[in-house]
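The sequence and structure are shown first.

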Amino acid sequence: MIFQLAWRNIWRNRTRSLVVVVAILLGIWAAMFMSGFASGMARSYIQNAIESKVAHIQVHHPKFVEEGSTIHYLPQPEALLAFAKSQAAVEGATLRTIVTGMIGSSRSNRGTEVWGISSEDESAVSTFDDDIVAGNFFTDERKNQIVLGQKLADNLQVKLRSKVVLTFQDLEGIITAGAFRVAGIYESGNAEVDESLVLVQQTDLLGLLTPTQEAGGQDTFPSTISHELAVLLDGPRQIDTIGQILQNAFPDLLVENYRELAPDLRLYETQIQNISLIYLIIILLALVFGIINTMLMAVLERIRELGMLMAVGMNKMRVFSMIVFETLLLTLLGVPVGVFLGYLTVSYFGRVGIDLSAFSAAMQEYGLSEMLHLELDPIVYTQIIIGVTITAILASLYPAWKAIRLRPVEAIRTL
Amino acid sequence: MSIIKTTQITKVYNPDKVPVRALRGVDLSIEQGEFTAIVGPSGSGKTTLLNIIGGLDRPSSGDVSIAGQDISQLTDNELIDFRKDNIGFVFQSYNLIPVLTALENVEFVMLLQKRPLAERRARAEELLEAVGLKDKLHKRPSELSGGQQQRVAVARALASKPAFVLADEPTANLDSSSTAQLLDIMAELNQKEGITFIFSTHDQRVIDRAQRVVTLVDGHIDHDQDRRTQPQ
């Protein structure tokens with residue numbers, strides 16, 4: 001009957017109880033939406049970084065990472081590429097020749113990182129081919145074509161078919177330069193990439209990087225110079241396994257995953273859970289005071305009745321339990337509805353996405369996509385349900401304590 | 001045999017500030033089966049005495065023995081259990097549980113006593129029939145008149161098979177007809193089943209029906225009239 005009594009008590013003031021239920025369900029919905037938003041943002045940032053530049057795994061000559069000198073290229077890059085591609089979990093792998101130098105137009109100069117790529121392999125690893133907003137991604141056979149970011153194009157004041165000059169040191173340390181025509185312009189969604197990274201065909205870059213070969217001289221350097229093998233997996237689950245396989249097969253090379261290559265990505269990844277928890281805690285704090293306020297009112301307006309219950313023999317434990325039970329019942333009404341609404345919202349916007357193109361400049365600045373897809377780790381559902389239930393119990397303790405502090409002899413006479 | 005015995009009980013409110021002496025050495029003994037009214041002007045200590053006898057309040061000094069047990073030594077929770085099993089209460093404002101039906105209100109104390117459902121249900125129905133509310137079993141208090149509510153309160157007070165029933169101004173909010181009906185029911189229960197009733201009241205109609213009238217003045221017993229042995 002305590003359950004029955006508690007259940008009927010919560011419907012004595014229907015409006016007030018519904019307000020609490022709605023507050024609880026809105027709190028849960030908001031917590032789920034905010035967590036989904038934050039997780040989606042973090043995931044978008046990570047995904048963008050992986051797809052635009054970092055990939056899941058990179059392999060380098062150890063000294064290339066340490067010194068950044070182009071002379072530390074990968075030995076037997078073709079064997080490495082073939083081995084990587086033979087792994088089942090590998091979605092794509094590409095070799096990159098990387099130099100840093102200057103890019104100049106007739107109007108301006110900028111520092112830049114140049115990737116010499118095989119466009120077919122690169123397309124399987126990164127999304128530059130999809131990010132093309134003008135021109136193409138090396139689809140014609142012409143030599144010395146370059147693809148650069150929109151931001152860099154703006155800075156250099158160049159457009160499609162404009163001529164730019166790349167200047168950098170070749171493998172012998174001699175300054176070399178080559179003229180390229182703009183074949184494509186991309187917008188990767190990451191402003192930093194867009195204003196600093198240019199892509200050319202690997203064969204064109206090798207022609208400048210290894211001039212003696214081009215001139216038909218001695219074979220001082222191998223025919224293919226690659227500094228980086230970038231590997232994209234079908235998901236991050238097998239990242240450690242594939243990394244280990246590559247490392248075992250090529251023990252002299254440095255195999256790193258994106259978490260090691262870009263600590264900010266690891267930070268984002270680990271903080272997704274924390275961000276969700278912080279949102280949840282803030283919302284639960286607001287909920288605590290709402291519940292305390294309501295239940296305190298419920299107790300204060302029933303002082304005489306509570307006094308009577310204790311007078312006729314309802315002990316303090318039972319009175320206490322009744323108040324806690326009433327709060328729990330309100331919570332149990334709000335939680336499933338809130339979780340269901342939250343689930344629907346997160347699922348819908350996870351599938352369709354939220355169009356944030358109105359803030360595209362700011363989004364790109366932070367390396368985020370314009371379409372944000374909400375995403376919620378299943379553990380957050382558990383956290384929310386447990387969190388709200390514990391919050392409700394905690395919030396009911398003070399009103400319940402107030403109730404059992406009543407002296408029946410005084411409470412009975414309360415008007 | 002006395003079921004209630006108070007020995008030199010005093011009650012002082014605000015002892016450290018402005019002391020108010022509500023009771024000044026009250027000796028009272030009530031036997032099983034009495035139908036007793038405690039009367040007196042406002043502030044005479046009627047309610048305080050009733051609260052102390054009912055285990056709702058503690059005396060500042062003196063002893064209170066109910067059915068042979070000194071209740072002044074009990075803790076708050078022990079007192080709640082003691083009240084549940086030994087004392088029935090009828091309050092001036094009925095104080096029924098508004099969300100429960102008449103039947104459930106009467107069952108409630110038996111539920112606290114952990115009596116089986118069948119026994120609870122049977123006794124509650126029997127008591128409500130005894131107070132003339134057989135056709136109102138499933139009505140909530142808001143659907144009953146004041147007199148009917150007070151009759152439910154009487155049935156509730158009797159449900160736990162208490163040693164006695166304390167009724168604090170039970171007719172204060174009732175009209176003449178309801179008062180007469182209620183008094184008839186309580187008198188009948190007293191005579192037929194030997195249930196002890198103790199009232200605090202101002203109501204002459206209650207006083208007229210009482211077998212014993214204890215008059216309190218300024219916190220002490222001024223007059224104790226037993227009408228079973230003395231002429232009225």
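## The sheet of chain B

In this predicted model, strand β1 of chain B, residues 2–13, runs antiparallel to β2(B) and is joined to β2(B) by nine bridges. Within this pair of strands, Ile4(B) lies opposite Ile30(B) of β2(B).

The two strands belong to an open, antiparallel sheet of four strands in chain B, ordered β2-β1-β4-β5. Its edges are β2 (20–31) and β5 (69–70) of chain B, each of which pairs on one side only.

## Extent of the interface

Chain B contributes 29 residues to the contact with chain A, and chain A contributes 23 residues. Between them the chains bury about 2400 Å², with 63% of this area on carbon and sulfur atoms. Three residues, Ile80(B), Val99(B) and Leu112(B), account for 21% of the area that chain B buries against chain A, more than any other three residues.

## Polar and charged pairs

Three salt bridges are counted between chain B and chain A. Asp57(B) forms a salt bridge with Arg407(A), in which the closest N and O atoms are 3.1 Å apart. Seven residue pairs are in polar contact across the interface of the two chains.

## Composition of the chain B side

On the side of chain B that touches chain A, the elements giving two or more residues are α1 (46–53), α2 (76–86) and α3 (102–112) of chain B. The most is given by α3(B), with six residues. By residue class, this side of chain B comprises 13 nonpolar, six polar and 10 charged residues.

Conventions. Residues numbered from 1 in each chain as written. Chains lettered and ligands numbered in written order. Predicted model: local features only at pLDDT ≥ 70, side-chain atom pairs only at ≥ 80, totals over all residues. Heavy atoms only, no water. Pairing = 2+ DSSP bridges. Contact = heavy atoms within 4.5 Å. Buried area = accessible area lost by both parts, 1.4 Å probe. Salt bridge = Lys/Arg side-chain N within 4 Å of Asp/Glu carboxyl O. Polar contact = N/O pair within 3.5 Å; in protein donor to acceptor, adjacent residues only side chain to side chain. Nonpolar A, V, L, I, M, F, W, Y, C, P; charged D, E, K, R; others polar.
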